[in-house]
Amino acid sequence: MQRVILHSDLNHFYAAVECLHNPSLAGKPVAVGGDPALRHGIILAKNPLAKASGVTTGQAIWQARQCCPSLVVLPPNHRLYLRFARMARDIYRRYTDRVEPYGLDEAWLDVTGSAGLFGNGKKIADELRQRIR
């Protein structure tokens, strides 16, 4: 039997969670970053609108604001991100008990034994994508 391993990466995770949790951020370029006053002023994550303006992960916040003057920069809220990461893992575990987390927003899923219940790897991946969304 050929093994089927899926890799799940929740893109723009911190920024996506912030936008989901705070609907007033809809339609705005959003980034999660450190505190420039404490010399931790880099972009940790950004949403697609910020990315389209040239904001990059690891970029200094002052540089990101040059690329995107309307950028909304939020401090990280790890408790909130952990809550959403756990919800994603709960969804993964409905398809397989073989989940290997890799940070908050990534995981490897061995769905080899799940095909009989849920279909092939692509079908499972598509369902996971939809349910996570």
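Visitor: How many nonpolar, polar and charged residues does the lining of the largest pocket have?
Guide: This is a predicted model, in which local features need pLDDT of at least 70 and side-chain atom pairs count only at pLDDT 80 or more, while totals for chains, interfaces and linings use all residues. Residues are numbered from 1 along each chain as its sequence is written, and side-chain values use heavy atoms, with hydrogens and water left out. Ala, Val, Leu, Ile, Met, Phe, Trp, Tyr, Cys and Pro count as nonpolar, Asp, Glu, Lys and Arg as charged, and the others, Gly among them, as polar. Sorted in this way, the lining of the largest pocket has 14 nonpolar, 4 polar and 4 charged residues.

Visitor: What volume does the largest pocket have?
Guide: On a 1 Å grid over the protein atoms alone, a pocket is an open set of points with protein on both sides within 12 Å along at least five of seven lines, a cavity is a set where a 1.4 Å probe fits but cannot get out, and lining residues have an atom within 4 Å of a point. Points are joined across faces, edges and corners, and a volume is the space filled by probe spheres set on them. The lining of the largest pocket comprises 22 residues, with L10, N11, R129, I132 and R133 nearest its centre. The volume of the largest pocket is about 780 Å³.

Visitor: Which elements give two or more residues to the lining of the largest pocket?
Guide: Helices (H or I, at least four residues) and strands (E, at least two) are DSSP runs numbered from the N terminus, and the protein has 6 helices and 6 strands. Those that give two or more residues to the lining of the largest pocket are β1, α1, α4 and α6 (121–132).

Visitor: Which element supplies the largest share of the lining of the second largest pocket?
Guide: The second largest pocket holds about 160 Å³ of space, and its lining divides into 6 nonpolar, 3 polar and 3 charged residues. Among the lining residues are L44, A45 and K46, and at least two residues come from each of α1 and β3 (43–46). The largest share, 3 residues, comes from β3.

Visitor: Which element gives the largest share of the lining of the largest cavity?
Guide: A search of the whole structure finds 1 cavity of 30 Å³ or more, and its lining includes A85, A88, R89 and Y92. By class, this lining has 6 nonpolar, no polar and 3 charged residues. While α4 and β6 each give two or more residues, the largest share, 4 residues, comes from α4.

Visitor: At what angle do the axes of helix α1 and helix α4 cross?
Guide: Where α1 meets α4 in contact (heavy atoms within 4.5 Å), F13, Y14, V17, E18, L20 and H21 face H78, L80, Y81, R83, F84 and A85. The residues of this contact divide into 8 nonpolar, 2 polar and 2 charged. Axes are lines fitted to C-alpha atoms, for helices over the stretch in contact, with angles from 0 to 180 degrees between N-to-C directions. The axes of α1 (residues 13–21) and α4 (residues 78–93) come within 10 Å and cross at roughly 90°.
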